[in-house]
Amino acid sequence: MVLRRLLRKRWVLGVVFGLSLIYFLTSTLKQEERTIRDRTLLEARESEHHIPWKVKFTLGNSSRQITQCRNSIQGKTLLTDELGYVCERKDLLVNGCCNVNLASSRQYICKSCLPNDCCSVYEYCVSCCLQPDKQPQLERFLNRAAEGFRNLFTAVEDHFELCLAKCRTSSQSVQHENTYRNPQAKYCYGESPPELLPL
């Protein structure tokens with residue numbers, strides 16, 4: 001009787017062990033397949049991910065169909081549209097573009113930007129970054145970006161979105177995770193992090 005109970009317990013333990021082993025092996029195999037599939041998909045996406053550098057856009061006026069324009073949205077007083085114009089929020093047209101007929105709207109303005117491509121105003125950083133002659137510099141950045149950093153930029157669709165993302169405060173702008181390297185110029189589109197200010 002004791003021998004029969006002991007055999008039954010061992011048989012149950014053997015079945016549980018066998019099922020656990022099968023579950024473990026199938027889970028590991030599925031995870032490996034997922035990893036290979038994700039890696040292949042990422043490599044394919046990286047090889048075919050091209051940034052359109054020139055925004056194809058026609059400014060509309062009252063006599064033509066109005067064309068929509070993306071802008072930096074978040075600025076309290078200033079905004080930058082996808083053509084590189086900076087204007088005050090009150091001067092934004094209903095189509096999302098800066099009113100280029102006003103003297104206060106200026107294109108590719110680098111006001112507050114230093115020679116190291118860091119600016120004190122986010123909207124000026126985006127506008128300066130949108131200059132056509134910045135394309136080679138941005139391409140170099142994308143080609144040399146660390147793997148994890150490059151994955152962050154795979155969601156970027158074009159030059160405007162790249163400048164929006166690049167000018168946002170990032171880990172490159174801070175030291176010790178809680179202090180700006182240069183609080184006066186923390187928005188950077190360049191390849192290097194902001195210079196450290198002397199204490």
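**View 1. Helix H2 and its buried residues in the predicted model.** The buried residues of H2 are Tyr-122, Glu-123, Tyr-124, Cys-125, Val-126, Ser-127, Cys-128 and Cys-129, where buried means under 20% relative accessible area, exposed means over 50%, and partly exposed lies in between (1.4 Å probe, protein chains only). The helix is thus described as mostly covered, with 8 of its 8 residues buried. Helices (H or I, at least four residues) and strands (E, at least two) are DSSP runs, numbered from the N terminus. This is a predicted model in which local features need pLDDT of at least 70 and side-chain atom pairs count only at pLDDT 80 or more, whereas totals for chains, interfaces and linings use all residues. Residues are numbered from 1 along each chain as its sequence is written, and side-chain values use heavy atoms, with hydrogens and water left out.

**View 2. The disulfide between Cys-125 and Cys-167.** A disulfide, defined as a pair of cysteine sulfur atoms within 2.5 Å, joins Cys-125 to Cys-167 with an S to S distance of 2.1 Å. The pair links distant parts of the chain, with Cys-125 in helix H2 and Cys-167 in helix H5 (residues 159-167), 42 residues apart. The torsion about the S-S bond of Cys-125 and Cys-167 is about -85 degrees, and the disulfide is therefore left-handed. Cys-125 is buried at a relative accessible area of 0%, and Cys-167 is likewise buried, with a value of 0%.

**View 3. The disulfide between Cys-110 and Cys-128.** With a torsion of about 90 degrees about the S-S bond of Cys-110 and Cys-128, the disulfide is right-handed. Cys-110 is partly exposed, having a relative accessible area of 26%, whereas Cys-128 is buried, with a relative accessible area of 2%.

**View 4. The disulfide between Cys-87 and Cys-98, and the overall pairing.** The sulfur atoms of Cys-87 and Cys-98 are joined in a disulfide at 2.2 Å. Cys-87 lies in strand E2 (residues 85-88) and Cys-98 in the loop between E2 and strand E3 (106-107), so the pair ties together parts that are 11 residues apart in sequence. The torsion about the S-S bond of Cys-87 and Cys-98 is about -75 degrees, which makes the disulfide left-handed. Both Cys-87 and Cys-98 are buried. In total the structure holds 6 disulfides, and when the bonded cysteines of the protein chain are numbered in sequence order, the pairing reads 1-2, 3-8, 4-6, 5-12, 7-11, 9-10. Two further cysteines, Cys-69 at 8% relative accessibility and Cys-97 at 0%, also count as buried.

View 5. Side chains of opposite charge can pair when their charged atoms come close. A salt bridge is a side-chain nitrogen of Lys or Arg within 4 Å of a carboxyl oxygen of Asp or Glu, and by this rule the count comes to 5 salt bridges. One of them is formed by the side chains of Asp-158 and Arg-70, at 2.6 Å from N to O. Asp-158 lies in the loop between helix H4 (147-153) and H5, and Arg-70 in the loop between helix H1 (2-48) and strand E1 (78-80), so the pair ties together parts that are 88 residues apart in sequence. Arg-70 also meets the side chain of Glu-161 in a salt bridge, with an N to O distance of 3.3 Å. Because Glu-161 lies in helix H5 and Arg-70 in the loop between H1 and E1, this pair ties together parts that are 91 residues apart in sequence. Asp-158 is buried, with a relative accessible area of 13%, while Arg-70 at 31% relative accessibility and Glu-161 at 26% count as partly exposed.

View 6. The side chains of Asp-91 and Lys-90 meet in a salt bridge at 3.4 Å, N to O. Asp-91 counts as buried at 11% relative accessibility, whereas Lys-90 counts as exposed at 65%. Salt bridges that share partners join Arg-70, Glu-82, Asp-158 and Glu-161 into one network.
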